[in-house]
Amino acid sequence: MAVQTAQLESYLESFTDFTRAHASATPDWLRTLREEAFVRFCEVGFPTTRDEDWRFTNLSALVRTPFRLVRGNRAALAVSDLAPWIIENALARLVFVDGLFAPALSTIGSLPNGVVVDSLASEIARQNTANGAAAVAKHLGRYLDTRRDPFCALNTAFLEDGAFVHVARGVALGAELGAGIARPIHLLFVSTAGSESAPSPTPSMTHPRNLIVVEEEAQATIVEDYVSFGAEIPAFSNAATELVARGNSTVEHFMVEREHLQSFNFSTLRIEQARSANVVSHSLLSGGALVRNNVHPVLAGEGGECLINGLFVGSGRQHLDNYMLVEHASPHCASRQFYNGILDQRAHGVFHGRIIVHKDAQKTDAKQTNRNLLLADDAQIDTKPQLEIYADDVKCTHGATIGQIEDNALFYLRARGIGEIEARRLLLEAFAGECLGRIKPGAAHDYAHSVVEARLVSLAAPAPASSLTAESPERNLDSHWEEVG
Amino acid sequence: MSLLQIRNLHAQVGGHEILKGIDLTVNAGEVHSIMGPNGSGKSTLAQVLSRHQAFEVTGGEILFNGKDLLAMKPEEAACEGVFMAFQYPVEIPGIGNAYFVRTALNAIRKYRGLDELDAMDFLPLYREKMRLLDMDEKFMNRSVNEGFSGGEKKRNEILQMAMLEPRLAILDETDSGLDIDALRIVAQGVNVMRSPERAMIVVTHYQRLLNYIAPDFVHVLVDGRILRSGGPELALELEDKGYGWIETEAGQIAPASA
């Protein structure tokens, strides 16, 4: 704690400025929420590697950088600047620049009755003045663990803007009947280095906060997408999303991280699933210097189903940490975690898959698989399953593998006339394809596919000869373990 | 000019010399069989011809169509027209069979300055060859060799050969592990490919395959050297007497010629 005091000072200054700026327009409940969260953040401080949940991820680079909220020197973005990140055929696009909603860059087409897609800030303002959006008051801040998780506390302390999506009962949002495909709502978070006229750019932080409520028997597809624009200045994005899937609803959620290599990206997806709700979460991590992606579903109603699908691709010195906490709190729920990692050069990946089966969650069926491909000698993966089972009639399995591109597969492709780079690309694509194959067809699928494809092309280029020549002695890195408990 | 000329080829793997001076000339239109006991170097020769990098060539030369084959990467050799049907075809999860062959075919076509084939041009051709090999169309979209039986894998090799139309086809123990029906289908697929422009090298441990694919020449490889060459009758003689006969004979000859 004492060591961190100096670092926390910059957050204190930011928080003081932040509350002063919002003093007049903040409802009491929100002020209390923020203040309590900030106090909690100060009490808990940043975790260290002595903390079991952070064992493989050293935060010192984040902790020692003094980040500031971006105020007043926002980059002026034009719609044309967004070209690389447009999802064709999206139902709506909400763009946030350095954490704040940018209406001029966003498009919200005509939506079915009972559907709200808006910025959280304007939704909160509306609630403050008029009879308001009951959903915000009912759900905001209710699920996120700000007591134990300092990043969620910090996010809540600076809670200001983000996306608000509310899908009314029975509405299949974006679904084209008979086509089996869905049009997504695209939430694009652009982090910039500030405007060019700004004095020397300082490391900036943003705390996007999203609330997604899908009512009973409704359906939605949401893409959260984190990108960078402009010079590579250190930036800290600390996002939190509360996703509420009510009874028998179906939700597909994407988290795409491809910021530049000076970025710290922390995100938490907290999913609350009611009876028979079916939620699919896809995480695609390809950018960022230090990335931590928390996915935390709570299967709170009977018969819920949750698929957590992920692909992380790192090179250089990227650190990509995937932390899963799947809580089975009701009987007859099924959860699946499938994560594939591809790591090149000195990249470091982490897969931490925790499954908690509560006492009453009988007939739980939980499965976890993490497969990794290491493309270089110095690439590293830490994979850790953690099962805590308090019920006695459950099925939980987990497994992990670590391997390399197989020389004999590479030779087989080349012996048929396919060049080495192309052969490597095909094999990487095949490995990544296991994850892409779990995404339902549609615009979001195609978008995810193109993001991954672009990333793999760069990785397929010739690697340092030392690690890949056929002459090098065969190393057997393969390990496989599977346990049933 | 001969299609393939191997002169005094020496090769080793992991410091062990396996090929100890191979001389072999193959002309277009010919089918050569290379027979020999386990460990004689048959597969090594096939792998060297398909340019597997794990086998280090320590001496000699190979000319393919007048070009230096040993200077080629595996993909270059394939594009020049060398095809090896693998003894142990590799399973590649996640890559569809048809997609794989089309990618390979287009890589070769591109190398030769031909237009690439799109799926519409490719599929009818692929289906036709599948029928020839009595393969179910469901194999088209399955991952390459994944979960295939031994016989299915071998048929898939010949299917690839039929699609890629090589100038030199090397069959590395394509018969091993096949039952008689599968062997017939595979042999039929191979025989259809015989042509005055194409040469084949059939590597086998057993004589049985040669009942179905009649070779023009038979060579016996023992301990990294070709000890005997002859016509089809040599295979029958081997069937009768076994490899021990050649080895003994060679053992007797060796000191005399030293």
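Buried area, as I use it here, is the accessible area, taken with a 1.4 Å probe, that two parts lose on being put together, summed over both. The size of an interface is often given in just this way, as the accessible area lost when the parts come together.

Before the numbers, a word on the source: this is a predicted model, in which local features need pLDDT of at least 70, side-chain atom pairs count only at pLDDT 80 or more, and totals for chains, interfaces and linings use all residues. Residues are numbered from 1 along each chain as its sequence is written, chains are lettered from A in the order in which they are written, and side-chain values use heavy atoms, with hydrogens and water left out.

Let me start with the interface. Between chain B and chain A the buried area is about 2,000 Å², and carbon and sulfur atoms give 69% of that. If contact means heavy atoms within 4.5 Å, then 33 residues of chain B are in contact with 19 residues of chain A. A salt bridge is counted when a side-chain nitrogen of Lys or Arg lies within 4 Å of a carboxyl oxygen of Asp or Glu, and the rule finds two across this interface. In one of them, the side chains of B:Glu75 and A:Arg414 meet at 2.7 Å, N to O.

Which elements of chain B give two or more residues to the side that touches chain A? They are α2 (74–80), β6 (82–85), β7 (92–96), α3 (97–111) and α5 (150–164), where helices (H or I, at least four residues) and strands (E, at least two) are DSSP runs numbered from the N terminus. Of these, α3(B) gives the most, with six residues.

Buried residues (under 20% relative accessible area, 1.4 Å probe, protein chains only) in α3(B) include B:Phe100, B:Val101, B:Leu105 and B:Ile108. Just after α3(B), B:Gly113 takes a positive phi of about 75°.

Finally, a look inside chain A, at A:His207, which is found in the loop between β10 (204–206) and β11 (209–214). Is A:His207 buried or exposed? A:His207 is buried, with a relative accessible area of 6%. Leaving out residues up to four places away in sequence, A:His207 touches several others, among them A:Leu69, A:Phe158 and A:Asp161.

Note on methods:
Buried < 20%, exposed > 50% of the residue type's maximum accessible area, 1.4 Å probe, protein only.
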